[in-house]
Amino acid sequence: HLYPLSFYEYVAAHDASLAGLMNEKEPSSYTRERIAEYLSRFLVWGGYPKISLESNLGIKEEFLKEIYSSYMERDIIGFLEIKNTMAFTKLVAMLASQIGQLVNTRELSGSLNVERKTVEKYLEILEKTFVIERIPPFFRNVRKELTKMPKIYFLDAGFRNFALGNLRGFEERHDKGMLLENFVFSQFRKNIPAKLHFWRTKEKAEVDFVLEYRFGEPIPVEVKAAVLKSPEISRSFRSFLNAYRPRHAFIVNLGLRDAIKIESTKVEFIAPYEILRIQDVSGA
C-alpha cells in the first residue's frame with residue numbers, strides 16, 4: 001500500500017532539519033511553532049506529493065481538482081462503471097461532512113434515495129480505492145458496548161476537504177475537531193501496525209481510538225482540538241480507564257505536553273505530531 005505522505009514525510013520534504021527535531025523529547029517553543037504551521041497546512045491540503053510540494057494555493061487547488069475529477073470520472077464512472085454518479089458523488093460529500101461519526105447505511109440510503117445494498121457497494125468501492133476507511137467498534141463487554149456501526153475516516157484530508165468544498169485555513173474552520181481526529185487516524189494507519197477501533201457504550205461513553213496489538217493491552221487515545229492549559233480527563237475517557245485499566249493512555253491536543261497518573265494508568269498529553277510515541281509503549 002502506497003499512502004499519501006505521512007506528516008513526518010511532509011515536513012521532511014520541506015525542511016529536513018525540522019523533521020529531525022520532531023522526535024526530540026523537549027523541542028523548543030520555536031520548533032513547536034514551526035511544526036504547528038506545517039500541521040495547519042497539512043490538515044487542509046493533505047499529503048498527495050504533487051500538492052504537498054506546491055506553494056501556490058491556486059495551483060494546489062487545481063491539482064486537488066484534477067485528482068478528484070480523475071478519480072470520479074475515470075476510475076468510478078469509467079473503470080468501475082458506477083451508473084448513479086450523482087448519488088455516488090453526494091455520498092462522498094455526505095461522508096466528508098461526518099468523519100469520526102457513526103455510519104448508518106439505512107439513513108444514508110434514505111438520504112440518497114438508493115437501496116441500502118447500493119450504499120454498501122459504494123462504501124466498499126471507496127474503501128478499496130483508498131479514499132475512506134471504516135473503523136469498527138472495540139468489543140469486550142458485549143452487553144454494554146452494543147453498537148456495531150463503524151466510524152468513517154478519509155485517508156487524505158485534502159481529498160476530503162475538496163469533496164466538502166471547504167479549503168479555508170485551519171484557524172478559520174468550524175470543523176477543527178473532525179480534521180484533527182482524521183489526522184490522527186491517518187497517521188495511525190500510515191505508521192502503526194495495530195488494529196484500530198473506537199469505543200462506545202450503550203450509555204454513549206466514547207473514546208475516539210483504541211489501538212489493539214496482537215500481544216498486549218488496548219491503548220485508548222482521545223483527540224481534542226483545543227490548547228489545553230492543564231490536564232483534563234473526560235468522563236468517557238475515565239470510564240474506559242476504569243473498565244480496562246490499561247497501563248498507558250494518550251490525549252492528543254494542541255497545547256499541553258504533560259503526564260499524570262490515574263490509578264494504574266499513565267495518561268500522556270501529547271501534540272498531534274508526537275503520536276508515534278504510542279508505538280514506544282505498545283510492546284509491539
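User: Across which strands does helix 10 lie, and at about what angle does it run to strand 4?

Analyst: This is a predicted model, so what follows describes computed coordinates. Helix 10, residues 176-191, lies across strand 3, strand 4 (206-212), strand 5 (219-223) and strand 6 (248-252). Its direction relative to strand 4 is given by an angle of about 5°.

User: In what order do the 6 strands of the open sheet follow one another, and which are the edge strands?

Analyst: The 6 strands form an open sheet with mixed pairing, in the order 3-4-5-6-8-7. The average twist from one strand to the next is 25°. Each edge strand pairs on one side only, and these are strand 3 (195-200) and strand 7 (258-262).

User: How does strand 8 run relative to strand 7 and to strand 6, parallel or antiparallel?

Analyst: Strand 8, residues 265-270, is joined to strand 7 by 5 bridges, and these two strands run antiparallel; within this pairing Asp-258 stands opposite Phe-269, and Ile-262 stands opposite Thr-265. Another 5 bridges join strand 6 to strand 8, with Val-252 standing opposite Ile-270.

User: Which residue in the turn between strand 7 and strand 8 has a positive phi?

Analyst: Strand 7 and strand 8 form a hairpin, with 2 residues between them. In that turn, a positive phi of about 55° belongs to Glu-263.

User: How many of the 6 residues of strand 8 are buried?

Analyst: A residue counts as buried when its relative accessible area is under 20%. Strand 8 is largely enclosed by the rest of the structure, because the number of its 6 residues that are buried is 5.

User: On what grounds are the buried residues of helix 1 placed on the same side, and against which helices do they pack?

Analyst: In helix 1, residues 7-14, Phe-7, Tyr-10 and Val-11 are buried. They cover an arc of only 95° around the axis, which puts them on the same side of helix 1. In general, an α-helix has 3.6 residues a turn, so residues three or four places apart point the same way. The buried residues of helix 1 pack against helix 2 (16-21), helix 3 (29-45), helix 4 (49-52) and helix 10.

User: How is the pair formed by the rings of Tyr-68 and Phe-159 classed, and how many residues apart in sequence are the parts that it ties together?

Analyst: This is one of 18 aromatic pairs, and because its ring centres are 5.2 Å apart and its planes stand at 45°, it is classed as tilted. Both partners are buried, Tyr-68 with a relative accessible area of 11% and Phe-159 at 4%. Since Tyr-68 lies in helix 5 (residues 57-79) and Phe-159 in helix 9 (residues 157-164), the separation in sequence of the parts tied together is 91 residues.

User: What is the class of the pair between Phe-88 and Tyr-122?

Analyst: Phe-88 in helix 6 (residues 85-96) and Tyr-122 in helix 8 (residues 116-128) are 34 residues apart, and the pair links distant parts of the chain. Both residues are buried. The ring centres lie 5.2 Å apart with planes at 75°, so the class is edge-to-face.

User: Which charged residue lies over the face of Tyr-38?

Analyst: Tyr-38 belongs to one aromatic cluster with Phe-7, Tyr-10, Phe-42 and Phe-183. At 5.0 Å from the ring centre of Tyr-38, the residue lying over its face is Arg-41.

User: Is Asn-182 buried or exposed, and which residues does it touch?

Analyst: Asn-182 has its place in helix 10. Its relative accessible area is 3%, so Asn-182 is buried. Leaving aside residues up to four places away in sequence, Asn-182 touches Ile-99, Tyr-153 and Phe-154.

User: Where is Phe-130 placed, and what separates its C-alpha atom from that of Tyr-3?

Analyst: Phe-130 is in the loop between helix 8 and strand 1 (132-135), and at 41% relative accessibility it counts as partly exposed. Not counting residues up to four places away in sequence, Phe-130 touches His-1, Tyr-3 and Leu-155. Phe-130 and Tyr-3 are 127 residues apart along the chain, and the separation of their C-alpha atoms is 8.2 Å.

Methods
Residues numbered from 1 in each chain as written. Predicted model: local features only at pLDDT ≥ 70, side-chain atom pairs only at ≥ 80, totals over all residues. Heavy atoms only, no water. Pairing = 2+ DSSP bridges. Helix = DSSP H or I, 4+ residues; strand = E, 2+ residues; numbered from the N terminus. Axes fitted to C-alpha atoms, helices over the stretch in contact; angles between N-to-C directions. Contact = heavy atoms within 4.5 Å. Phe/Tyr/Trp six-rings, centres within 6.5 Å; stacked < 30°, edge-to-face > 60°. Buried < 20%, exposed > 50% of the residue type's maximum accessible area, 1.4 Å probe, protein only. Lys NZ or Arg CZ within 6 Å of the ring centre and 35° of its normal. Arc of directions from axis to C-beta.
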